[in-house]
Amino acid sequence: YCVMRLFFSVLILIVLSSCGNTIYIVRHAEKATGTSPAGMNTIADPPLTAEGEERALALKQMLGGKNIRHIYSTNTIRTTSTAKPLKELFLNMPINIYSNKADSMDLFIQQLKGIKKGNVLVVGHSNTVDDISNKLAGSAVIPGDLNDNEYDNIFIIKRKGDKYSFKREKYGPPSK
């Protein structure tokens, strides 16, 4: 009787755990900058710095065992480069490109909510990770855009059925 009860308890836990997933949201890792004499950034689509490449590897280490089945990134070098080590770990899983334009964001959020199996990585920007996190969580869990030098946050949205919970953690080396 105890073995049968244990079996059904484990079966129920497996079924319940399959009714949810986790969405990991990060800002791209540290990017190269070039400035003009007027102080304007002169690199339109900058690559990652050595520190950024190190952070991208730290992201791979952190999420490598987390059942990532979907990777989303905007179409910039810094965001796709942040996701690339994880993509390569999973035998070149595709990086799905999403638009971070305001008129496309609601459609992207609905797309994320429609993913029922497997965990998700979303790589965005200092002015979009708050919007994505807040819309998924259903409340203002991040009060505004991230600071320009803030790269070490990972925002974790767990879905169980139609409920979403939010947590913020740090990863990689501390931002400078």
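The exercises below, with worked solutions, concern a predicted model.

**Exercise 1.** Classify the crossing of helix α4 and helix α5, and state its handedness.

Solution. 
- Two packed helices are described by the angle between their axes and the distance between the axes.
- For α4 (residues 102–113) and α5 (residues 129–137), the axes come within 10 Å and cross at roughly 55°.
- Angles from 65 to 115 degrees count as roughly perpendicular and those under 35 degrees as roughly parallel; α4 is therefore oblique to α5.
- The crossing of α4 and α5 is right-handed.

**Exercise 2.** List the residues that make the contact of α4 with α5, and sort them by class.

Solution. 
- From α4, the contact uses Met105, Asp106, Phe108, Ile109, Leu112 and Lys113.
- From α5, Ile132, Lys135 and Leu136 take part.
- Sorted by class, the contact has six nonpolar, three charged and no polar residues.

**Exercise 3.** Determine how far α5 is enclosed, and what covers its buried residues.

Solution. 
- Buried means under 20% relative accessible area.
- In α5, the buried residues are Val129, Asp130, Ile132, Ser133, Asn134, Leu136 and Ala137.
- These are seven of the nine residues, so α5 is largely enclosed by the rest of the structure.
- The cover includes helix α4 and the strands β1 (20–27), β4 (119–124), β5 (153–160) and β6 (163–170).
- After α5 comes Gly138, with a positive phi near 80°.

Note on methods: Residues numbered from 1 in each chain as written. Predicted model: local features only at pLDDT ≥ 70, side-chain atom pairs only at ≥ 80, totals over all residues. Heavy atoms only, no water. Axes fitted to C-alpha atoms, helices over the stretch in contact; angles between N-to-C directions. Helix = DSSP H or I, 4+ residues; strand = E, 2+ residues; numbered from the N terminus. Parallel < 35°, antiparallel > 145°, perpendicular 65-115°, else oblique. Left-handed = near helix turned anticlockwise from the far one by under 90°. Contact = heavy atoms within 4.5 Å. Nonpolar A, V, L, I, M, F, W, Y, C, P; charged D, E, K, R; others polar. Buried < 20%, exposed > 50% of the residue type's maximum accessible area, 1.4 Å probe, protein only.
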